[in-house]
Amino acid sequence: MQSDNREKILDVQGLTQRFHLNRRQVLTAVDNVSFHIFKGETFGLVGESGCGKTTTGRSILRIYEPSEGKVLYKGQDVADLKKAEMKAFRHSAQMIFQDPYSSLDPRMTVDDIISEGLNVHFPHMPSKDKHDRISQLLMRVGLNSEHGARFPHELSGGQRQRIGIARALAVEPEFIVCDEPISALDVSIQAQIVNLLIKLQRESGLTYLFISHDLSMVKHISDRIGVMYLGSLVEVSDNKQLYTRPLHPYTHALISAIPIPDPDKKSMEARVELQGEVPSPINMPPGCKFAGRCPYAMDRCRKAEPKLKEIEPGHFTACYLYENEDGSLKDQSAVMF
Ligand code: SF4
């Protein structure tokens, strides 16, 4: 196991989130997920829609109460925080939402939207200072103080997401969950918002959990990446290793599907078309959740779920292709994948 002395701002241990749909049916949206995020880095969380990425982000911020597992923020279990400590956590850990169209109150002006957090966390701030702070925030996100008097419907999608970012920044957080912050925006605007997030991170040393289904955007912004499939983490790696040598067959399929911008440049590998059905998260069969779609599935894969293991330094995957029947790791040069 690789040792890393960097400071962990977040340590998620065995996080599980179940939702009781009715008396008999339970949906496991997040299933025993563990990962950590170092201070100042961006951890990308990717996977198809409905794989549990957003629920993971919300459970970390205590928008949902986790069914099992721990979330340590700066070494402290968030479940143990007293009222004042919880207020400090909410101050330090913010969220940028997926849909800027619905996450901003249409009856409030931009000034009022940004002031909300300031009113809660800095109740004694004089109005002039508050006004100055809002103007500075609008400038930082590429707008100006005139936008403060407008309502959300008077702004474009990109401008609305800039307001969502300014609102999160207002209380000077250290950690931000960016939940699909670009997926509702035009493609032409997406790169601008991602570049703004990168600029803000450099200026303020922010740490991001960047949730997205778009692997090409995650590649652009993330230092390390976790790949989720049906509520489980199937691969965790640094950015370069993941895109040059994906270990899990699901990651391999996702990466092979990224469009190549230059038509003269062929993809290094052929696109992997996934066959088979996605099992229901309400009635999950035993074994690897990906077995029904995996071209390499073996008998063993349908019996017990593989655990996330470190295959090479800092590169983890949950797949039997890399381990012997006794759980020891295979000679990696002999793995035909
Ligand atoms: Fe495929 Fe088996 Fe690996 Fe699952 S454990 S991804 S079914 S080879």
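## Basis of the model

Residues are numbered from 1 along each chain as its sequence is written. In this predicted model, local features need pLDDT of at least 70 and side-chain atom pairs count only at pLDDT 80 or more, while totals for chains, interfaces and linings use all residues; side-chain values use heavy atoms, without hydrogens and water.

## Ligand site

The ligand is surrounded by 13 residues, each with a heavy atom within 4 Å of it. The closest are C288, C294, C301, C319 and Y320. The shell contains 12 nonpolar residues, one polar residue and no charged ones. Here Ala, Val, Leu, Ile, Met, Phe, Trp, Tyr, Cys and Pro count as nonpolar, Asp, Glu, Lys and Arg as charged, and the others, Gly among them, as polar.

C301 counts as buried because its relative accessibility is 8%, and C319 counts as buried because its value is 10%. Buried means under 20% relative accessible area, with a 1.4 Å probe and protein chains only. The structure holds zero disulfides, a disulfide being a pair of cysteine sulfur atoms within 2.5 Å.

## Strands

Strands are DSSP runs (E, at least two residues), numbered from the N terminus, and two of them pair if DSSP finds at least two bridges between them. β11 (residues 309-312) and β12 (residues 315-317) pair in the antiparallel sense over three bridges. E310 stands opposite F316 in β12. Two residues lie between the strands of this hairpin, where G314 takes a positive phi near 75°.

An open sheet of four strands runs in the order β2-β1-β4-β5, with antiparallel pairing. Its edge strands, β2 (26-38) and β5 (76-77), each pair on one side only. β4 (residues 68-73) and β5 pair over two bridges, and Y73 has Q76 in β5 as its bridge partner.

Technical notes
Buried < 20%, exposed > 50% of the residue type's maximum accessible area, 1.4 Å probe, protein only.
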